Amino acid sequence: MTSTPLPPGLASCLPAGSVIGIFGGGQLGKMLAEAARRLGYRTHIYDSIADTPAARVSDQHTDAPYEDLEAVARFAKASDVISYEFENIPITAIQQAAKFAPVFPDAKALETSHDRLVEKTFLRETAHVPVAAFRAVEAMADLTEALSAFGGPAVLKTRRFGYDGKGQVKIDGPRDVKAGFARLGGADLIAEGFVPFVREFSIIAARDQHGNIAAYPLTENVHKDHRLHTSLAPADDPRNVAGTAHAIAERILEALSYVGVMGIEFFELANGDLIVNEIAPRVHNSGHWTQNGGCTDQFEQHIRAITGLPLGNTTPTHRVEMTNLIGDEIKQAGELAKQANTFVHDYDKRDIRPGRKMGHVNRIVE
Ligand SMILES: Nc1ncnc2c1ncn2[C@@H]1O[C@H](COP(=O)(O)OP(=O)(O)O)[C@@H](O)[C@H]1O
Ligand SMILES: [Mg+2]
């Protein structure tokens with residue numbers, strides 16, 4: 001942990017009974033609300049849908065569109081501090097809310113992660129951390145140029161609204177340019193050099209209002225169908241990269257004067273070099289293992305950071321493997337819950353849909 005003096009104007013810790021407003025009513029909002037309640041806070045969920053997993057465990061909810069700035073103002077006036085559980089909230093809603101209550105992470109962090117081009121540029125130019133080669137693609141010629149500049153395959157992505165591998169396509173060579181470009185709509189795209197990684201891992205890190213930083217150990221992530229499948233933490237570190245990865249995480253949090261939990265996704269190369277893939281200004285799917293790892297879980301950590309409480313201990317006492325339960329897999333939850341050292345987290349979603357994250361299971365493996 002590093003510590004810097006308290007910046008002027010920031011509140012001291014919020015007393016129990018204070019209201020935490022959360023934009024977004026999905027599973028991350030639900031688990032944030034549960035952590036907030038454990039600490040004695042009240043929660044208020046804002047979502048465009050009324051019946052959400054988070055609203056069902058919260059004291060209050062507002063169901064209104066994010067564009068309804070009057071509803072946002074009412075919500076913010078009724079909150080002592082505000083956060084969000086997903087990054088595709090219109091920036092106007094965050095700016096409106098911030099007129100009435102502190103919002104963590106702030107609008108700058110959200111804006112940075114809204115757009116992959118802005119994010120990659122911030123990471124390279126401001127945070128000075130390694131990222132894949134990239135360039136903006138507005139015309140087919142940009143993609144052709146990018147391929148020759150990268151000297152290998154590229155991954156073409158939409159700049160905004162991509163998640164779980166949606167909105168991206170691999171471009172192996174000039175022959176794929178036309179179809180790939182057309183498939184993603186042909187504008188507001190970014191091309192990245194394809195990274196021949198040996199594995200993917202993430203760092204979940206938090207920074208509090210005083211500038212203290214606490215990070216969890218490396219979490220190794222395995223994707224299936226471009227979606228996170230399993231996370232294992234603490235991961236082995238055969239190439240001895242943890243120190244570098246944690247230093248990179250600190251640099252990113254500090255460059256944004258960030259407050260809250262952030263998920264940082266890395267590619268690890270065979271020679272031990274690291275490349276930052278993307279950042280998420282929120283609690284992260286690859287941090288769910290913390291709920292049963294014997295440390296402060298990432299949801300409580302985020303609530304601690306935004307309410308001014310000291311950050312909690314991030315050293316796990318167990319090694320945990322987290323597996324997402326996607327679609328019909330949630331039907332196995334009852335059987336899984338009967339197994340030793342196995343903890344089921346059901347998101348209480350009303351409809352099972354293919355590809356939908358319905359829950360996860362944490363298995364203590366050591
Ligand atoms: N430049 C790249 N090189 C190699 N693989 C990539 C690259 N970009 C993305 N991928 C693969 O696709 C996955 C999803 O991409 P990512 O940019 O993290 O988008 P999402 O927002 O969908 O998580 C990554 O976890 C990785 O497995
Ligand atoms: Mg990702």
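In this predicted model, the magnesium ion (ligand 2) is coordinated by two glutamates, Glu265 and Glu278, through their OE atoms. The distances run from 2.0 to 2.3 Å. Glu265 belongs to strand 13 (residues 260-268), and Glu278 to strand 14 (residues 274-280). The pair therefore ties together parts that are 13 residues apart in sequence. Burial is assigned under 20% relative accessible area. Glu265, at 15% relative accessibility, therefore counts as buried. Glu278 has a relative accessible area of 23%, so it is partly exposed.

Now turn to the aromatic rings. The whole structure holds nine aromatic pairs. One of them joins Phe23 and Phe75. Their ring centres lie 5.0 Å apart and their planes meet at 55°, so this pair is tilted.

Tyr66 and Phe86 form another pair. Here the centres are 5.9 Å apart and the planes are at 55°, so Tyr66 and Phe86 are tilted too. Each partner comes from a loop. Tyr66 lies between strand 3 (60-63) and helix 2, Phe86 between strand 4 (81-84) and helix 3 (91-98). They are 20 residues apart. Tyr66 counts as buried at 9% relative accessibility, whereas Phe86 is partly exposed at 26%.

Ring pairs link Phe23, Tyr46, Tyr66, Phe75 and Phe86 into it.

A charge meets a ring elsewhere. The charged end of Lys170 sits over the ring of Phe194, 4.2 Å from the ring centre.

Methods:
Residues are numbered from 1 along each chain as its sequence is written. Chains are lettered from A and ligands numbered from 1 in the order in which they are written. This is a predicted model: local features need pLDDT of at least 70, side-chain atom pairs count only at pLDDT 80 or more; totals for chains, interfaces and linings use all residues. Side-chain values use heavy atoms; hydrogens and water are left out. Donors are N, O and S atoms within 2.8 Å of the metal (3.2 Å for Na, K and Ca); water is not among the atoms, so sites may look incomplete. Helices (H or I, at least four residues) and strands (E, at least two) are DSSP runs, numbered from the N terminus. Buried means under 20% relative accessible area, exposed over 50%, partly exposed in between (1.4 Å probe, protein chains only). Rings of Phe, Tyr and Trp (its six-membered ring) pair if their centres lie within 6.5 Å; planes under 30 degrees apart count as stacked, over 60 as edge-to-face and the rest as tilted. A charge sits over a ring if NZ of Lys or CZ of Arg is within 6 Å of the ring centre and within 35 degrees of the ring normal.
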